[in-house]
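Please look over the sequence and the model before reading on. The report is meant to be read beside them.

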Amino acid sequence: MTQDDFSGRLRIAVVVGSVRRPRLADPLAAWLERELGAIDWLELDMIDLAAVSLPMHEMQPGGAVPSPIGSRLANADAFVFLTPEYNHSFPAPVKNAIDWHFTEWAYKPVAFVGYGASGGIRAVEQLRTVLPELRATTVRESVLLPMAWEHLDADGRFVPPPGTVHALHTMMNELRTWARALRPLRAADPAGRA
Ligand SMILES: Cc1cc2nc3c(=O)[nH]c(=O)nc-3n(C[C@H](O)[C@H](O)[C@H](O)COP(=O)(O)O)c2cc1C
């Protein structure tokens, strides 16, 4: 493969999965936006599910109803899910957002930043069983943030524990590898994804 095949920045959409007020997602999303915004090979789109209306009663199989975030998801080459763990799983708005869409996920890699008392590991592992149904793949590396509320400074900003930024960049590099590798499949006729 030539260098030209990899030209252009990859579009990475971060899906912020908590819609509570207040929420720990705010300082964590702000930290992610700072860290990822400084990476030169990507364009960042922060998709906050708290700012999006996806009524459950309008959801149709296959994502038939126009979605307020459909074009943003479709434009993304890859995703990072920022997800808390609720009752040993991921929060309902994350599942709703997944179900509302269909081709938008296809042939794209997904990476995870999980958080919760146990770092969100069960939420992340359960998402790994869901996303292949949408022809998305998940990357091996993840960033898990146990007790992240203990890592806020006096201004409420998240101060990552040692090793966290390295883990994030390792995960993002793997996400980039998969996003590039899956490009030919994403470029194929969307009808083939039905
Ligand atoms: C309804 C609910 C259930 C929770 N269940 C778990 C759980 O099973 N495991 C865990 O590690 N943390 C659990 N937590 C703790 C959350 O992961 C933690 O409060 C996290 O900060 C929530 O993220 P948010 O504030 O961005 O919504 C739960 C929190 C809520 C609100």
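## Basis of the model

This is a predicted model, in which local features need a pLDDT of at least 70 and side-chain atom pairs count only at pLDDT 80 or more, whereas totals for chains, interfaces and linings use all residues. Residues are numbered from 1 along each chain as its sequence is written. Helices (H or I, at least four residues) and strands (E, at least two) are DSSP runs, numbered from the N terminus.

Within H1, Ala25, Leu28, Ala29, Trp31 and Leu32 are buried. They cover an arc of only 160 degrees around the axis, which puts them on the same side of H1; the arc is that of the directions from the helix axis to the C-beta atoms. An α-helix has 3.6 residues a turn, so residues three or four places apart point the same way. On the other side of H1, Arg34 and Gly37 are exposed. A residue is called buried if 20 or more other C-beta atoms lie within 10 Å of its own, exposed if 12 or fewer, and partly exposed in between, with C-beta atoms placed from the backbone.

The cover over the buried residues of H1 includes strands E1 (10–16), E2 (42–48), E3 (78–84), E4 and E5 (137–146).

## The nonpolar core

The largest nonpolar core has 47 residues, and those with the most contacts inside it are Val14, Val15, Leu28, Phe79, Val80, Phe81 and Leu82. At least two residues of this core are supplied by each of E1, H1, E3, H3, E4, H4 (121–130), E5 and H5 (164–181). Such a core is a set of buried Ala, Val, Leu, Ile, Met, Phe, Trp, Tyr and Cys residues joined through C-beta atoms within 7 Å.

Not counting residues up to four places away in sequence, Val15 touches Ile47, Leu49, Phe79, Phe81, Leu82 and Ala97, where contact requires C-beta atoms, placed from the backbone, within 7 Å.

## Around the ligand

Of the 14 residues around the ligand, Ser18, Ala25, Pro84, Gly116 and Ala117 come nearest; to be near, a residue must have its C-beta atom, placed from the backbone, within 6 Å of the molecule. The shell divides into six nonpolar, five polar and three charged residues. Here Ala, Val, Leu, Ile, Met, Phe, Trp, Tyr, Cys and Pro count as nonpolar, Asp, Glu, Lys and Arg as charged, and the others, Gly among them, as polar.

## Backbone features in loops

Most residues other than glycine have a negative phi, and most peptide bonds are trans. A cis peptide bond, with omega about -10 degrees, joins Arg21 and Pro22, and Pro22 lies in the loop between E1 and H1.

In the loop between E3 and H3, Asn87 has a positive phi of about 50 degrees although it is not a glycine. His88 lies in the loop between E3 and H3 and has a positive phi near 65 degrees. Asn87 is exposed because it has 8 other C-beta atoms within 10 Å, and His88 counts as exposed with 12 C-beta neighbours inside 10 Å.

## Two further loop residues

Ala106, in the loop between helix H3 (92–100) and strand E4 (109–116), is partly exposed, with 19 other C-beta atoms within 10 Å. Ala106 and Ala136 are 30 residues apart in sequence and 5.1 Å apart in space, C-alpha to C-alpha.

Pro68, in the loop between E2 and helix H2 (70–75), is exposed, with 12 other C-beta atoms within 10 Å.

Terms used:
Contact = placed C-beta atoms within 7 Å.
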